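Here are my notes on this one, jotted down while going through the two chains. Have the structure open as you read.

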Amino acid sequence: MIAALAFYFFAAILIASAVMVVTSRNPVHSVLFLILCFFNASALFLIAGAEFLAMILVIVYVGAVAVLFLFVVMMLDIDFARLREGFQRYAPVGAAVGGVLFLELLMVLGTWRFADDAASLRINPTTPGGISNTAAIGRILYTDYIYLFQASGAVLLVAMLGAIVLTLRDRPGTKRQSVAVQVARDPKLVETRAVALGAGLDTIGIRRPLPPPEPPKKVEHAADHAADHGGHH
Amino acid sequence: MNWTLLLPEIVLGVSGLIAIVAGVIPKRDTTFPVALGVLGAMLLAAVLVIGQGEGTAMGGQYAADAFTRFAKLLVLLGAAGGLVLSLDWNEKEGLSRFEFPVLILFATLGMMVLVSANDLMSLYLGLELMSLALYVMAAFNRDDGRSAEAGLKYFVLGALASGLLLYGASLIYGFSGTTNFDRIADAVDSSAGNLGVVVGLVFVIAGLAFKISAVPFHMWTPDVYEGAPTPVTGFFAAAPKVAGLLLLARVLQGPFAALAPAWQQVIVLASLGSMLLGAFAAIGQTNIKRLMAYSSIGHVGYALMGLAVGSDAGMRGLLLYIAIYLFMNLGAFAVLVAMRRGGRALEGVDDLAGLGRTDPGMALAMAVFMFSMAGIPPLAGFFGKLYVFLAAVQGGYWTLAVVGVLASVVSAYYYLRIIKVMYFDDSAGAMDPRPAGLSVVLAGSGLFTALFFLFPAPILAAAQAAVAALMG
């Protein structure tokens, strides 16, 4: 009874927020409704007894994908009002195509025959008795298919290596943070002072000490070297 | 689980991880030590492969037998040869980066997973591991427009081929109910109507035919072979092609042996097309890398002839042909990599002019490889063709045999033209001195090609054992 009530509660919010994702005018609101959607879907997974999927949905979709969406929406300056301009004009055609697809879907579903034991299978948990479904998924992924899992890992590693090889350029002028140098710095050389809010460094007369003269760059040196001995090669 | 059977793969994979860390931490250029380490890892893997037991592991996803041993040794040899070719070249072209040997190592790991696959899923993962590393290697000279184009073209078309293969695999899974090769074999044997499996199989063959550049899935080959850095092209023509052909043989003769009448037609067509295209399209080429691309398409056609026949003799011919092709190809590409005048790499057939006088040793080796590829006795290439044609005649595939002989006569024209250019044309000046690594590859593969007819027994015996393991 409580499970059924909870199901209808979460399902209703899920559908309502899904509708809001599509209809809301502000794209940022759309993404926020999408996040609400994901949370409700994960609650539905919990009711169905799939706690691992529920947590993964929150971690992956809310934690990563939705934030990425939000980031993209805020970064890109898309004029959504203009995108919607043709809505009125194309609505009848869209509705007609959608209606045909819906009819076809109904016809497919109309001929669907359920297996005799489908109902009993649906009620029974799919994991062997006494094992939580997290453990069952882990067993499949890390024990039964460890070979394929590791091979996929190697594929991803090669993809990463390839992206670095093809795009990383070592520019001679880049300044890099060297933690060791920072830690080893003599604290007496650094003066700490309280600075009023909004006051620039110039107004209170603090200047950064001039950096020591840079050692000759390696790249230039190598070029000189090649030029000097070019004749010998 | 029986994971000790996977020792060669585990050793290779762990060495790859160590090589990445060891290559990136020191501030100086670590290409050479990493390359030596990778060569050492390949040698260790080869020793482990020789001592490897037989059987299946990892819940039937991995298989090891005499056939995979034969295939893995060839793959390791081709990869090591490709790495040696690239060492000096990369330094001269300013591509000296430690990632290159690591990529070759992971491509090799992918090929070993591929030939040992006993499940459609491990087949696909091995194929992707290999292909992804190859795409990056094709574009390795990233500031050169042709190399970047080669990489992109190979990547887009390769992804399409992978899609075809996956679609076929999903159909096979849907109609046979399993992805495991042994159980697919049972399912194919027991059921009468296998139409769905056959359709899936045709898609899988199309995906694999792309990887080995068999007609009509060869379109990418000339452009990619021309654009990629020369040692990478040599590697492409050697190791991945060997792995792809052997995997195709393993898949068709293993789980789908009962469907032979269906897939034989496809392989016969691919074989005929590849032989004819390889013979005719290479005639007009002036760029030697493009010429070798068409030549490799032709060789794939001859090798597929052995598979199309499908008998024990045919499979033995296929294995022998691939082994000999690997040596000839590595040697020929060692010459191509050594073509350099005034520090500039050369790619034209005409640039070989007068090599017979300026560098008699290299010219002699190149002549041996060209005669061998044309199939002139008593060089190794003749025996490769002989066994394949013999199997075709014995199996009653007269069309294949006749077209094969005619195609090899046509292709002899452009192989002999290279020899004519080397010995009878006016020299355009001496080539730069070639590095020691290339000389080693040249001498090794040249001696193998020239003296194969004296000692064919070890390779024949290995091929025989591999066929016995495959055909059961």
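How many residues does the contact take from chain B and from chain A?

1. Chain B puts in 25 residues and chain A 21. Bear in mind that this is a predicted model. Between them the two chains bury about 2100 Å², with 77% of that on carbon and sulfur atoms. On the chain B side, B:Gln61, B:Leu125 and B:Arg142 lose the most area to chain A, and together they make up 27% of what that side buries.

2. Now for the polar part. I get one salt bridge between chain B and chain A: the side chains of A:Arg169 and B:Asp143 meet at 3.1 Å, N to O. Polar contacts between the chains come to five residue pairs, counting pairs with both residues at pLDDT 80 or more.

3. Which elements of chain B give two or more residues to the side that touches chain A? They are helix 1 (7–24), helix 4 (99–115) and helix 5 (120–138). Helix 5 of chain B has the largest share, with eight residues. By type, the residues on this side of chain B split into 18 nonpolar, two polar and five charged.

4. Over to chain A and its annotation. The unreviewed UniProt entry places "transmembrane region" at residues 6–24, 31–50, 56–78, 90–112 and 145–168 of chain A. I looked at two of these in the model. Residues 6–24 of chain A are 95% helix and 0% strand, with the end C-alpha atoms 26 Å apart. For residues 145–168 of chain A, the figures are 92% helix, 0% strand and 34 Å between the end C-alpha atoms.

Definitions and conventions. Residues are numbered from 1 along each chain as its sequence is written. Chains are lettered from A and ligands numbered from 1 in the order in which they are written. This is a predicted model: local features need pLDDT of at least 70, side-chain atom pairs count only at pLDDT 80 or more; totals for chains, interfaces and linings use all residues. Side-chain values use heavy atoms; hydrogens and water are left out. UniProt positions are given in the numbering used here, feature names are shortened, and annotations may be inferred rather than shown by experiment. Helices (H or I, at least four residues) and strands (E, at least two) are DSSP runs, numbered from the N terminus. Contact means heavy atoms within 4.5 Å. Buried area is the accessible area (1.4 Å probe) that two parts lose on being put together, summed over both. A salt bridge is a side-chain nitrogen of Lys or Arg within 4 Å of a carboxyl oxygen of Asp or Glu. A polar contact is a pair of N or O atoms within 3.5 Å; within protein, one must be able to donate a hydrogen and the other to accept it, and residues adjacent in sequence count only if both atoms are side-chain atoms. Ala, Val, Leu, Ile, Met, Phe, Trp, Tyr, Cys and Pro count as nonpolar, Asp, Glu, Lys and Arg as charged, and the others, Gly among them, as polar.
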